[in-house]
Amino acid sequence: MPVGKFLLTTLVSFFCAIIFVFFFRKFSLSSKILNPKGTPLVGGVGIWLSFTATCLVAFFFYYGMLPQEVKGMIFASSAMLIFGLLDDCRELSIIAKFLVQIIATTVLVIFGIRTQIVYIGAPMNILITFIWVIGITNAFNHLDVMDAVAAATAMIVSLAFLVISILNNDLKTALFSLVLFGAVSGFMIFNFPPAKVYMGNSGSHFVGFVLAAMTLVISYAPMERKIALFSPLLILGLPIFDTLFVILMRISKRQLPFRKSADHLPLRFLALGYSKKQSLLFMCLLGVIFALFGIALSRVANLLGLIIIVAAFCLSTVITLRMSKVS
């Protein structure tokens with residue numbers, strides 16, 4: 001593994017994000033653009049610009065080309081970023097949001113980025129791709145309800161994908177993971193409680209979309225270990241679990257699942273009396289546990305993998321029962 005090159009690329013992405021977010025924040029504060037409540041919503045723009053610029057330079061410099069899957073992810077995720085900016089400026093309808101997400105996911109499929117599950121055929125793989133990418137994008141967007149939670153989760157997930165990529169000797173995907181990690185880390189400096197900058201819908205949609213797309217280009221295990229197909233579900237277990245938890249809580253109150261409410265896990269930690277930093281620590285711990293479950297699942301035999309999935313389910317059930325009593 002070219003450790004020096006990877007470290008340099010990560011640092012470039014990290015410092016670029018710091019510079020971009022710093023200047024976008026100053027611009028937002030002075031112009032009042034993307035600043036509805038006093039805290040600029042420009043973090044997503046800084047992450048996107050750092051991620052995209054570093055990807056373009058790094059892949060051309062190290063490989064002399066831009067891989068097809070990287071092109072697809074940059075084009076499609078940029079569309080999500082633009083849509084998110086429009087949503088930050090003027091909240092779009094649910095129909096408009098899903099339409100843009102469908103278009104962006106279609107771009108991924110056109111570039112060949114989709115699930116490759118054997119025996120179910122191309123149409124079913126494409127359908128699963130749409131459900132997965134749109135579902136994870138929205139789950140990640142909904143997780144962005146408290147300072148640094150979404151950013152910290154993205155960093156944890158990126159590192160998990162990095163580990164799997166290195167174990168499979170997939171250095172291009174590893175580089176891609178590090179670029180995203182560096183960009184989000186740079187933003188994190190401004191987003192750590194108390195936040196000076198927010199991701200905004202632009203950032204949460206962009207990062208969630210990239211993470212969802214990354215799961216589709218990583219090889220998790222050979223065909224004889226089919227249980228490893230569930231690895232990305234566990235690695236992204238925190239945003240998935242938070243979304244399912246919120247839906248369950250809202251249904252139990254006879255509310256519409258997509259109606260806004262303070263049912264998210266980090267907000268319930270706050271309701272228990274913990275500070276934002278303490279709540280963030282609990283969320284990071286959960287994110288790391290899910291990520292470790294996912295990494296382990298990609299390396300073990302089917303029977304042991306089933307035990308890991310059961311353990312993750314039991315953990316989720318215990319948390320659900322405990323946190324459902326918090327109001």
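Among contacts in the protein chain between residues at least 6 apart in sequence, 74% connect residues at least 24 apart. The model examined here is predicted. The secondary structure of the protein chain consists of 13 helices and zero strands, and the order of elements along the sequence reads α-α-α-α-α-α-α-α-α-α-α-α-α. The radius of gyration is 19 Å, close to the 20 Å that the globule rule gives for 327 residues, so the protein chain is as compact as a globular protein of that length. Along the principal axes, the C-alpha trace extends over about 50 × 50 × 35 Å.

A nonpolar patch on the surface is formed by Leu303, Leu304, Leu306, Ile307 and Val310, which together contribute about 490 Å² of accessible area. Of these residues, valine 310 is found in helix α13, which comprises residues 302-323. The relative accessible area of valine 310 is 43%, and the residue is accordingly classed as partly exposed.

Electrostatic pairing was examined next. Side chains of opposite charge can pair when their charged atoms come close. A search of the whole structure finds four salt bridges. One of them joins aspartate 147 to lysine 276, with the closest N and O atoms 3.6 Å apart. Aspartate 147 lies in the loop between α5 (121-143) and α6 (149-167), whereas lysine 276 belongs to helix α12 (residues 276-297), so the pair ties together parts that are 129 residues apart in sequence. The two partners are assigned to separate accessibility classes: aspartate 147 is buried, at a relative accessible area of 4%, while lysine 276 is partly exposed, at 38%.

Further salt bridges involve aspartate 263. The side chains of lysine 253 and aspartate 263 meet with an N to O distance of 2.8 Å. Lysine 253 and aspartate 263 both lie in the loop between α10 (237-252) and α11 (265-271), ten residues apart. Lysine 253 is partly exposed, with a relative accessible area of 45%, but aspartate 263 is buried, with a value of 2%. A salt bridge also links the side chains of arginine 268 and aspartate 263, the N to O distance being 2.6 Å. In this pair, both arginine 268 and aspartate 263 are buried. Through shared partners, the salt bridges join Lys253, Asp263 and Arg268 into one network.

The cysteine residues were considered separately. With a disulfide taken as a pair of cysteine sulfur atoms within 2.5 Å, the count comes to zero disulfides. Cysteine 55 illustrates this result: the nearest cysteine sulfur, that of cysteine 16, is 12 Å away, and because this distance is not within 2.5 Å, cysteine 55 is in no disulfide. Cysteine 55 is buried, with a relative accessible area of 0%. Cysteine 89, by contrast, counts as exposed, at 57% relative accessibility.

Note on methods: Residues numbered from 1 in each chain as written. Predicted model: local features only at pLDDT ≥ 70, side-chain atom pairs only at ≥ 80, totals over all residues. Heavy atoms only, no water. Patch = residues over 30% accessible without salt bridge, like charges linked within 9 Å, V, L, I, M, F, W, Y side chains within 5 Å. Areas by Shrake-Rupley, 256 points an atom, 1.4 Å probe, with all protein chains shown as cover. Helix = DSSP H or I, 4+ residues; strand = E, 2+ residues; numbered from the N terminus. Buried < 20%, exposed > 50% of the residue type's maximum accessible area, 1.4 Å probe, protein only. Rg over C-alpha atoms; globule rule 2.2 N^0.38 Å. Contact = heavy atoms within 4.5 Å.
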